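I opened the entry to look up a few local features and to record them in order.

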Amino acid sequence: MPRFSVIVPAYKVQAYLQESLDSVLTQSCTDLELIAVDDASPDGCGAIIDEYASRDPRVTAVHLAHNLGLGPARNAGLARATGDYLLFLDGDDTLAPGALQAIADRLKDTGSPDILVYDYARTFWTGEVVRNRLAHRLCEDGPASFRLADRPSLLGMLMVVWNKAYRREYVEREGLSFPTGLYEDTPWTYPALLAAESVAVLDRVCVYYRQRRTGSIMSTTSRAHLDVFDQYERVFGFLATRPELERWRPALHRRMAQHFCAVYADPRRLPRASRAEFFTRASVLLRRHRAAGSPPRSLSRTDRIRHALMRLGVRRTYRTLSVLRAAALAAGGAAGSLGRGLRESALRLHYRVQRLLPLWPELAVFSAYWHGGYACNPAAIEAKLRELAPRMRTAWICDPRHAATLPPQTALLRPGSAAYWTALARATYLTTNVNFDRSLVKRPGQVLLQTQHGTPLKRVGLDLQDRPAATPTTDFAGLLRGADQWDYLLSANRHSTLVWERAVPSSYTTLEYGYPRNDAFHRATQQEVVELRERLGIPAGSTAILYAPTHRDYRRSRPEHLDFERVLRDLGPRFTLLVRRHLTYAESPDTAGAAAPELRHPRLIDVSAHPSVEELCLASDALVTDYSSLMFDYAALDRPMVIHADDWEAYEAARGTYFDLRSCPPGAIARTEDELVDIFATGHWRGSRSAQLRAAFRARFCTHDDGLAAERVVRRVFLGQPSLVPPVVPLHERRPAPAAPSAGAAGGPAGGSPAATGPTLAPLTTPGLWP
């Protein structure tokens with residue numbers, strides 16, 4: 001049997017579960033079994049657990065038919081445990097590196113006690129790590145093991161199950177199990193500690209306790225918090241069956257009073273209509289289980305008063321004292337708010353007035369790329385909305401110089417104008433792929449859809465907190481305040497879902513529907529592709545390579561990774577380069593298709609200012625990029641890609657990535673300009689190995705890009721028709737837009753295998769080509 005059974009229940013923690021499971025399986029002590037329990041979680045927890053179980057025999061997957069709660073989920077894990085010691089870990093927390101070995105060593109040194117208590121640290125979304133402030137109570141001086149009576153201060157620590165290791169024989173002998181409801185740790189941990197014949201401590205942080213911004217049970221407003229009374233009834237019921245433990249009643253009563261006061265004081269937990277009931281029931285329990293004698297002097301005067309008022313049931317006095325204390329703290333803030341209000345501009349005043357008026361149920365406002373033109377996911381959704389709901393009025397926030405990109409039916413909103421503030425105040429639907437004005441005050445009834453604008457390869461959100469060179473702002477709190485206004489977050493695939501839920505945690509609903517901007521890849525005809533190429537000036541029969549690199553966080557100036565003249569000279573007249581600089585570096589926003597001063601070659605076309613990157617993808621025969629998220633979209637076209645990764649180490653060091661692209665690229669990899677030229681000159685860019693890599697990449701990241709993403713969004717968000725959301729078309733049934741006829745003339749159709757007369761593929765071990 002294994003030394004340890006680690007039980008991990010999981011419910012709606014898909015963004016954190018992999019990290020939690022990895023923290024167990026990568027421990028230096030490998031003598032363990034991991035029992036992961038899917039508590040009928042509606043997200044991806046079950047699939048994640050199954051994936052781990054399929055690749056590691058130490059993992060046992062347990063799936064509950066219905067959501068039962070944390071206690072029953074732990075019981076399901078207990079029933080399958082075979083280890084000497086039981087450890088519990090919540091699905092969003094992690095074991096510290098080396099924790100199991102430290103626990104194993106301490107258990108050996110202390111003679112295999114019934115319980116080993118170890119330390120934890122809270123980890124906040126800000127990146128801050130704070131060790132338990134009562135860590136000094138885990139001092140290892142004195143006897144190796146003891147009874148609780150020898151160190152009663154342990155009873156004052158956080159009464160949770162996951163900071164202790166339990167000898168399984170002891171748990172079975174005592175018949176310990178978890179009840180249903182919230183605060184299920186309470187009737188487990190108190191009896192376990194009180195009845196233990198031997199207890200030991202480990203003065204080491206073994207668990208990182210994640211403090212989530214949203215989604216935590218303890219920060220959710222619900223009547224379920226009244227479960228705390230049933231849990232303490234169970235504790236005192238246990239005490240009644242063990243007369244020898246009656247001396248612990250005063251300490252337990254004091255801990256119960258502290259717990260009740262903490263729950264009542266937290267404005268996030270109790271619904272307003274339940275607060276009076278909570279106070280009354282707390283008063284009843286405190287009187288019922290009160291021990292004789294005066295409160296100990298270790299309690300502060302404030303705590304003694306609070307406990308006494310709650311026990312006596314004088315809620316009005318208790319509330320008055322709380323209000324007076326809160327009012328004193330808020331006095332300074334009110335004065336500051338008044339001062340800021342007096343400085344508000346006339347437009348802000350106009351906005352406040354508009355917010356008092358009714359919403360317009362048939363107005364939808366869109367924006368993209370910081371007041372840019374009609375583009376990306378919002379544009380595709382706006383077009384589909386007008387198609388499926390002609391009654392809807394739509395408006396687009398953009399700088400007037402982009403007005404020509406808007407459809408005739410879509411109203412222009414100039415940023416900062418009175419019409420702009422009116423629309424933000426009264427539109428029912430708000431959609432963007434970046435962020436709205438920080439002064440936006442989202443009203444009840446308004447629906448805010450965040451579409452994002454790419455699948456994240458590079459780190460985003462809170463994952464940039466330790467990458468100061470990679471983010472223009474350190475206002476992560478502001479970022480999260482904006483996210484708190486999102487009702488829906490659009491995701492292209494499961495990878496994106498997991499990244500966004502962890503990197504920008506909030507209470508939004510994730511719609512894993514695919515990217516609407518990629519719908520065009522499944523609608524366009526070959527004739528439309530030909531017309532696009534003609535408008536761009538691509539010579540007939542030429543192989544068009546779209547070169548679209550991303551920006552570099554570690555550089556201020558625009559990097560030049562390719563000598564375009566040299567590349568075109570070496571490739572010859574069969575190839576044309578479409579160069580699209582990143583938005584950060586684009587210099588000529590008003591001259592779509594015109595060449596920048598340094599781009600003076602007949603087969604070199606600067607498309608940096610072209611309003612639609614989707615059109616550029618359709619017009620091209622292949623994509624060359626580095627770390628741009630465009631690769632994930634282009635994969636939906638099923639056309640060849642080449643990754644030009646000439647500075648991966650520097651990019652990874654500055655920005656950080658979620659996976660090593662070199663290990664799973666969508667095509668051949670070039671580490672130098674010479675390798676890039678060789679890949680195209682020899683035909684590797686569209687050979688069989690390239691097709692294999694692209695197929696694997698497409699299967700992983702294009703799960704929902706089937707041409708119906710916009711319709712899914714419109715029916716779910718704008719029309720309230722979840723039952724009519726189109727199902728996903730299987731990958732093998734999709735037919736992306738074909739490339740132009742005779743494109744890829746240098747040896748066969750783009751995306752296929754080279755012609756029989758073409759060059760022979762290099763071996764898979766050729767440096768610089770394949771992972």
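Which residues of helix α4 (residues 99–109) are buried? I found Ala99, Leu100, Ala102, Ile103, Ala104, Arg106 and Leu107 buried, where buried means under 20% relative accessible area with a 1.4 Å probe, protein chains only. Just after α4, Gly111 takes a positive phi of about 75 degrees.

I noted the basis of the entries: this is a predicted model, local features need pLDDT of at least 70, side-chain atom pairs count only at pLDDT 80 or more, and totals for chains, interfaces and linings use all residues. Residues are numbered from 1 along each chain as its sequence is written, and side-chain values use heavy atoms, with hydrogens and water left out.

Next I looked up the sheet. I recorded 6 strands in an open, parallel sheet, ordered β19-β18-β17-β20-β21-β22. Because β19 (604–606) and β22 (668–670) stand at the edges with a single partner strand each, one side of each is left without a neighbour in the sheet. Strands are DSSP runs of E, at least two residues, and helices are runs of H or I, at least four; two strands pair if DSSP finds at least two bridges between them.

I then followed β18 (residues 575–579), which 3 bridges join to β19. Leu577 has Leu604 of β19 as its bridge partner.

Last, I checked confidence. The mean pLDDT (the predictor's confidence in each residue, from 0 to 100) of the chain is 87, and 88% of its residues reach 70 or more. Over residues 585–598 the pLDDT is below 50. Where pLDDT is low, the predicted coordinates should not be read in detail.

Methods: Contact means heavy atoms within 4.5 Å. Buried means under 20% relative accessible area, exposed over 50%, partly exposed in between (1.4 Å probe, protein chains only).
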